[in-house]
Amino acid sequence: MLEKCQAVDEALERFFPASSGLEKTVVEAARYSLFAGGKRIRPILCLAAAEVVEGSANAVMPAACALEMVHTYSLIHDDLPVMDNDDFRRGRPTNHRVYGEAVAILAGDLLLTEAFGLLAAPSAFEAVPVPAERRLQAVAILARAAGVQGMIAGQIIDLESETREVDLTTVEYMHIRKTGALISASLEIGAVLSGASAEALEALSRYGRHVGLAFQITDDLLDVEGDPKVMGKSAGSDAAKNKKTYPALVGVALTKEIAQNHVERAIKALDGFGHQADPLRALARHLLVRKA
């Protein structure tokens, strides 16, 4: 993971614009969040999915970077005062605290737009050419995950749930879209760009759905039990904002059991793959012990 994280960082430096010209403030703001030391889970999943189906990690690297841009855009906007109103992200002041709300909104918009531009650009895939129809399919997958069938749906449900009571089914529906959609899309895009079979694509998508849920559920747990110094953000914010989470609805003990169940189901989805899928299996298991 560390090696892939470094490779992703190097590729992001190549693909994302430098801070120059009269527009440099907004580029600087976008880079502030993009290079704030994230775990790069989504791009790593994209690269790993490619390798599982015997594709090339280098071939899907532009898509991996596009996924991280979309993820970072969502964090900038989520942190805004009109959304979650957070002051710290990845151990640093949030984007709007440094650059102001207007620039933070534009920085998020820039990251989202650049992501789709990168995924669609033939020049980005010159090193290891990928057929246009595969890249077009990847664009559609990313749009679905980032839009009203994915992150946007999850975000609006999250916001509206702060002022009303919801059941566990609604919370799961929200998590599948707000967090799980982009995680699942990361695997699907890596597989699609690598020419995976329908069976392999379905298995990786199933793995992604369960890993996405496990990731968000353990994130809910960290907000209750985590160390802010290790996480790089405040703990206890979910309860303070009346967020509807698994621990809030069913308690910590049962939440841990649910997370364990999703991890087991994610690993089970990989039964049809050999040792190439071991990194994905290890990543799923890591979710149960992660501290940030």
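Q: Quick one before we look: what are the helices here?
A: Helices are DSSP runs of H or I, at least four residues long, numbered from the N terminus. This is a predicted model, where local features need pLDDT of at least 70, side-chain atom pairs count only at pLDDT 80 or more, and totals for chains, interfaces and linings use all residues. Residues are numbered from 1 along each chain as its sequence is written, and side-chain values use heavy atoms, leaving out hydrogens and water.

Q: OK. At what angle do α2 and α6 cross?
A: Roughly 75°. α2 covers residues 24-34 and α6 covers residues 101-120, and their axes come within 8 Å. Axes are lines fitted to C-alpha atoms over the stretch in contact, and angles run from 0 to 180 degrees between N-to-C directions. That makes α2 roughly perpendicular to α6 (65 to 115 degrees; under 35 is roughly parallel, over 145 roughly antiparallel, the rest oblique).

Q: Which residues meet there?
A: From α2, Thr25, Val26, Val27, Ala29, Ala30 and Leu34. From α6, Val103, Leu106, Ala107, Leu110 and Leu111. Contact means heavy atoms within 4.5 Å. The α2 and α6 contact has ten nonpolar residues, one polar and no charged. Ala, Val, Leu, Ile, Met, Phe, Trp, Tyr, Cys and Pro count as nonpolar, Asp, Glu, Lys and Arg as charged, and the others, Gly among them, as polar.

Q: New topic. Is Thr72 buried or exposed?
A: Thr72 is buried, at 1% relative accessible area (buried is under 20%, exposed over 50%, partly exposed in between, with a 1.4 Å probe and protein chains only). Thr72 lies in helix α4.

Q: What does Thr72 touch?
A: Ser33, Leu34, Arg90 and Leu111, leaving aside residues up to four places away in sequence. Leu34 and Leu111 also take part in the α2 and α6 contact.

Q: Now α8. Which of its residues are buried?
A: α8 runs over residues 151-161, and Met151, Ala153, Gly154, Gln155, Ile157, Asp158 and Ser161 are buried. They pack against α4 (57-78), α7 (132-146) and α9 (168-193).

Q: How do α8 and α9 pack?
A: At about 140°, with axes 7 Å apart. So they are oblique to each other. Their contact divides into six nonpolar residues, three polar and three charged.

Note on methods
Helices (H or I, at least four residues) and strands (E, at least two) are DSSP runs, numbered from the N terminus.
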